[in-house]
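Trainee: I would like to learn how to read a model feature by feature, beginning with the whole chain and ending with single residues. Could you take me through one?

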Amino acid sequence: MPKIKVFSSPGRIWAKRKTPAIRPGNACGAVDDAMRGENVLRVHPGGSGYLIAPRLVLTSAHVTGPVESDEVGKVVWVSAPSGRPRYPGTVVWSGRGGSEDDASLVELGPEWTPAEQEAPTRWGCTVTGRPKNECEIRGVAVQVRERKAVYETTHLTGWLNPGDGSIGDYYVVRLDEHPSPRTKPGTSRWQGLSGAAVFSSDLLIGVVAEDPAPSSDARLLVVPVYRLFDQPCFRAVLAKPEHRADVVWPEALEWQDLTDTGARAPAKTDELSPSDLLLARREIVPFRGRDELLGELGAWMDGPGVAWLVHGPGGQGKTRLARQFGIAQIAQRRAVLWLDRNAGDFEVVADASATSLVIVDYAETRQEQLGSLFRALARKGDAKVKVLLLSRIAGEWWEVVRSSTDPITELMREARTTELPLLDRAVEDRRAGYRHAVRAFCRVLPRTAGSTEIDWTALADRLDRAADSRSLPKTALGVDMTALADLLDGARSIAPDGERIAEDRLWEHERRYWRESAAEVGLAGRQSEFEPLADALAAAILVGVATEEEADAVLGALAGLEHLTKYQRRAIRNWIGRLYPPPEGAAWGELQPDRLAEWFTGRHLLTHPEVADDIVPRLTTAQAARLLTMCSRAAGQSGLGDLGSLVAQMCIRRADVLAPIAVEVATGVENPAPLLTGLTRIVTDAKTAPEFLQRLDSVQPRKSRVLAPWAAALSARLVDQCRRSAEHFPDADRSELARQLNNLATRLCDANQYEEAVEPAREAVELLRELADADEDFRHGLADALTTLAETLVKSGMPADAVPVSVESVDLHRSLAGVERADLAEALNGHAAALHESRRSAEALGPAEEAVQIYRDLVGDRNPVHLGRLAGALHTLAAVRLEAHRYEEALEPSAEAVERYRELERTHPDAYRAELAAAWYNRAAVLEVDRLEDAAVALAEALRLYRLLNQPRSPEYSGILTGALADFAGFAADLGWHDKAEAARAEAAELDGPA
């Protein structure tokens with residue numbers, strides 16, 4: 001296979017043209033944007049090259065000539081494609097010509113005047129076996145004109161299949177254009193193209209090396225850039241500060257359309273706002289700590305389990321952890337994808353040919369997308385993909401995702417969940433982190449606009465000395481924000497104010513940045529002119545990333561901008577995009593970190609609540625969910641006054657749009673109180689239309705501790721609606737009233753309102769008896785209603801009354817043709833519980849054991865509902881055996897119940913934490929017989945969970961916690977743990993006092 005011939009003749013000399021500035025690509029998939037023609041160079045005597053950094057050229061090793069390891073430093077000449085003028089360059093790295101690393105890097109000397117490069121070149125490689133990956137090549141090739149060989153720019157298109165060239169470790173690019181017949185056999189049509197860059201999408205994927213069949217074929221052999229990244233010396237050249245190209249490993253080519261471009265490291269710039277300095281992706285404050293968790297995550301990449309959820313409050317360091325972990329995986333030559341929230345084709349993710357990592361930030365707001373991703377991975381069966389999810393909370397949203405389909409349930413069997421702890425628990429550690437952050441910001445602040453006259457080092461020294469007396473927040477981001485606010489305040493000689501939190505002080509600095517920027521582009525010179533712009537900014541932050549069409553709709557909805565022309569609003573849109581640069585295809589980006597964005601918008605809405613009202617009718621469902629999420633979280637921050645009440649009122653005023661969305665959002669935010677207040681007022685308002693109540697009922701989840709009181713109130717309204725319908729229409733469907741009554745009883749039990757649940761449960765049974773007497777089709781509904789009534793009677797303290805009801809429920813379920821075994825098992829477990837609570841445990845053994853066996857047969861599908869019911873049946877069986885004095889036989893089911901509930905609670909804490917606490921309590925009772933110390937350990941775990949459940953304090957859990965503390969004090973005293981016993985008694989006494 002001859003190499004593409006290197007010509008020594010310079011050919012015709014063309015007039016020099018001014019080289020435009022180098023600019024990065026603007027859109028994924030737009031190769032022409034990324035592979036800019038002005039970056040194409042000619043490397044003399046006769047090859048091509050590509051400017052990958054302001055002074056660094058990538059070309060082929062056989063173009064620059066043989067260079068031994070001790071000869072790096074060879075001078076070559078580089079020019080524009082025309083050949084003039086020529087500039088000297090030095091070979092700073094070279095592979096071997098004709099080998100798998102046939103490439104070299106040439107550093108241009110001071111004679112070359114580089115244009116400003118806004119962003120580094122992005123590199124890529126294939127990560128799946130998918131064929132037909134389109135690519136483009138631009139270089140300088142020889143053409144024959146009037147019998148003379150001349151150089152001319154050449155732009156070729158083609159495609160590659162990852163399976164071609166795998167033995168020789170080459171890419172084979174098949175060109176769309178076939179070479180014309182040649183007069184000289186054995187010569188290449190593409191002479192001079194050696195060293196040309198090959199792009200696919202906006203990624204540089206290779207360097208042209210050879211024409212393998214110069215006489216007939218339309219193929220070129222390309223050295224993949226991943227071969228170059230295997231060379232430490234190649235990476236060392238890219239990592240030099242002047243080249244701004246410190247890349248560890250190429251990106252995944254096939255995943256570009258799925259990539260969250262906002263997660264990439266941003267271009268270096270001197271125009272930074274205060275919020276920019278805190279961005280996790282800028283990594284200004286170096287990462288520290290979390291070594292143990294990083295090690296566990298690393299082991300997970302090579303072990304079982306597809307998904308791992310890391311959750312914690314905003315500012316805890318989740319994104320920084322994920323970035324650090326992603327960097328570690330890239331260093332191991334693994335593909336890492338930060339998933340864009342608008343991505344949709346997940347089959348290409350499942351097709352990954354080697355172990356890869358997908359990172360999903362804000363996972364709690366992306367349930368539908370996660371379902372699509374996990375379905376694709378489940379269909380693949382042997383997918384080599386791990387999914388790391390980041391969220392504020394792990395709750396019902398995670399349960400919904402995990403159990404959405406049977407294949408997903410099986411896929412997620414070994415999913416893991418970790419609550420991210422504080423980075424610095426001790427005050428001294430936080431102060432050390434503060435000093436660390438101050439020094440890190442001081443390395444950057446002198447380079448930002450308007451900061452060159454400030455003695456940042458002296459200011460940092462002053463803050464360092466004062467750190468020992470500084471009161472600091474607990475979160476990592478809080479410490480960083482305090483350090484930055486102290487520096488910015490000090491630079492402006494603002495007196496320290498210990499009463500103001502860092503968010504408020506940074507808000508003032510960010511607003512100053514907004515005003516100065518607006519004045520610079522001629523949008524606002526006076527404060528009165530700036531206020532409408534502040535409304536626009538608040539709306540943009542609430543909405544998040546938006547297309548130009550969506551952005552125009554939002555700005556057009558603001559009352560303060562309605563008098564402006566569309567061109568004036570467009571100028572405002574462009575100004576916001578300048579403040580917060582957008583990803584590809586969007587009008588503006590996001591203000592981050594989230595905690596600052598939430599504070600800024602919350603602060604603005606306190607004085608301008610009409611901003612949210614104006615834009616709600618123009619929002620997409622996703623944007624409305626983001627608005628509610630941000631507002632709820634902002635209302636949970638201290639210092640924002642009565643924002644929660646404003647959020648509730650907004651939900652009421654815009655109920656038609658916001659209420660159904662609030663139902664979903666409430667289960668995924670750590671401060672759902674404002675949304676629940678608004679939803680409760682909506683369903684209790686007599687003016688709310690019946691149709692709207694039914695709409696809300698259709699969107700609520702199957703089970704939710706967060707929504708339980710509201711769901712009960714909604715069911716009560718639906719029951720009233722059915723009653724009124726029956727009064728006005730005697731022929732109305734009574735089965736619907738029975739269904740709603742049964743639902744009301746169930747939801748009242750979910751809300752721990754057991755006594756209130758008895759009456760609707762009884763009425764549902766009576767109605768269904770009448771219906772079943774007339775039509776046997778209602779017998780199944782009657783059986784289910786009897787199960788509900790039995791459970792309600794047990795929980796309300798009437799187990800003796802529950803026994804005959806549970807007997808009837810079991811008998812009726814057994815008599816039904818095609819009975820659902822899960823329904824029979826539920827009836828059996830309810831019957832066992834009724835007998836046990838009636839002190840008839842010997843009789844309860846049979847139904848309890850049968851219920852467990854049925855559920856064991858059912859849990860093969862890994863359905864969380866069946867898993868939860870099996871855990872409940874095991875819990876009942878352990879209690880029954882203990883009461884029947886069969887202690888040894890109670891040990892196994894009590895231990896298994898704990899493990900089953902522990903597995904469920906890790907991923908669905910909101911739904912199963914109370915059950916896990918009860919299982920630990922039950923386990924302690926079983927162990928107390930002859931293993932008192934183990935019993936105390938189990939009870940301590942139950943106490944930990946009950947303390948969590950009692951936040952905020954509630955009568956139900958305060959009572960349970962008080963009893964458990966008394967039991968623990970007794971255990972501790974018997975074991976000689978007198979200090980622990982006394983502490984437990986003191987805590988119990990405090991709980992007995994006023995709340």
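The dialogue below goes from the whole chain to a barrel, the cores, a helix and some loop residues.

Mentor: Keep in mind from the start that this is a predicted model.

Trainee: How many helices and strands does the protein chain have, and what share of its residues counts as buried?

Mentor: The protein chain has 37 helices and 19 strands, and of its 995 residues 53% count as buried. The exposed surface comes to about 42,600 Å², of which carbon and sulfur atoms supply 49%. If you take the contacts between residues at least 6 apart in sequence, 69% of them join residues at least 24 apart.

Trainee: How do strands of a sheet pair, and in what order do the strands of the barrel follow one another?

Mentor: Strands of a sheet pair through backbone hydrogen bonds, and the pairing can be parallel or antiparallel. Here 6 strands close into a barrel in the order 1-2-3-6-5-4, with antiparallel pairing. On average, neighbouring strands of this sheet are turned by 45° against each other, direction ignored.

Trainee: Which strands does strand 3 pair with, and which residues stand opposite one another?

Mentor: On one side, strand 3 (residues 56–59) pairs with strand 2 (residues 47–53) in the antiparallel sense over 4 bridges, and a hairpin of 2 residues joins strand 2 to strand 3. Within this pairing Ala 53 stands opposite Leu 56, while Leu 51 has Val 57 as its bridge partner. Strand 3 is also joined by 4 bridges to strand 6 (residues 104–108), again antiparallel, and there Thr 59 stands opposite Ser 104.

Trainee: Which way do the side chains of strand 3 point, and are they buried or exposed?

Mentor: In a regular strand the side chains alternate between the two faces of the sheet. In strand 3, Leu 56 and Leu 58 point one way and Val 57 and Thr 59 the other way, and all of these residues are buried.

Trainee: Which residues have the most contacts inside the largest nonpolar core?

Mentor: The largest nonpolar core has 101 residues, and those with the most contacts inside it are Phe 441, Trp 514, Trp 575 and Leu 628. The element that gives the most to this core is helix 15 (residues 527–543), with 10 residues. A second, separate core of 92 residues includes Ala 764, Val 794, Ala 848 and Ala 964. To look at Phe 441 in detail, leave aside its neighbours within four places in sequence: its contacts then include Leu 277, Leu 278, Ile 284 and Val 285, together with Asp 480, Ala 483, Leu 484 and Leu 487.

Trainee: How should I read helix 31, and which of its residues are buried?

Mentor: An α-helix has 3.6 residues a turn, so residues three or four places apart point the same way. Helix 31 (residues 841–858) has 18 residues and reaches 25 Å from its first C-alpha to its last, close to the 26 Å expected at 1.5 Å a residue. Its buried residues are Ser 841, Ala 844, Leu 845, Pro 847, Ala 848, Ala 851, Val 852, Ile 854 and Tyr 855, and Ala 848 also belongs to the second core.

Trainee: Why does Leu 472 count as buried, and which residues is it in contact with?

Mentor: Leu 472 is found in the loop between helix 12 (456–466) and helix 13 (476–491). Leu 472 counts as buried because its relative accessibility is 15%, and the cut-off for buried is under 20%. Apart from neighbours within four places in sequence, Leu 472 is in contact with Arg 430, Arg 431, Tyr 434 and Thr 482. Leu 472 and Tyr 434 are 38 residues apart along the chain, and their C-alpha atoms are separated by 8.2 Å.

Trainee: Which peptide bonds are cis, and where are the prolines found?

Mentor: The bond from His 44 to Pro 45 is cis, with omega near 15°, and Pro 45 is found in the loop between strand 1 (40–44) and strand 2. Another cis bond joins Gln 592 and Pro 593, with omega about 0°, and Pro 593 lies in the loop between helix 17 (566–579) and helix 18 (594–607).

Trainee: What is phi at Arg 290 and at Tyr 362?

Mentor: Arg 290 has a positive phi of about 65° although it is not a glycine, and it is found in the loop between strand 14 (251–252) and helix 5 (291–301). With a relative accessible area of 13%, Arg 290 is buried. Phi of Tyr 362 is near 55°, again a positive value in a residue other than glycine, and Tyr 362 has its place in the loop between strand 17 (356–360) and helix 8 (367–380).

Definitions and conventions:
Residues are numbered from 1 along each chain as its sequence is written. This is a predicted model: local features need pLDDT of at least 70, side-chain atom pairs count only at pLDDT 80 or more; totals for chains, interfaces and linings use all residues. Side-chain values use heavy atoms; hydrogens and water are left out. Buried means under 20% relative accessible area, exposed over 50%, partly exposed in between (1.4 Å probe, protein chains only). Contact means heavy atoms within 4.5 Å. Accessible areas come from the Shrake-Rupley method with a 1.4 Å probe; for residues, only the protein chains shown count as cover. Two strands pair if DSSP finds at least two bridges between them. Axes are lines fitted to C-alpha atoms, for helices over the stretch in contact, and angles run from 0 to 180 degrees between N-to-C directions. A nonpolar core is a set of buried Ala, Val, Leu, Ile, Met, Phe, Trp, Tyr and Cys residues joined through side-chain atoms within 4.5 Å. The expected span of a helix is 1.5 Å times one less than its number of residues.
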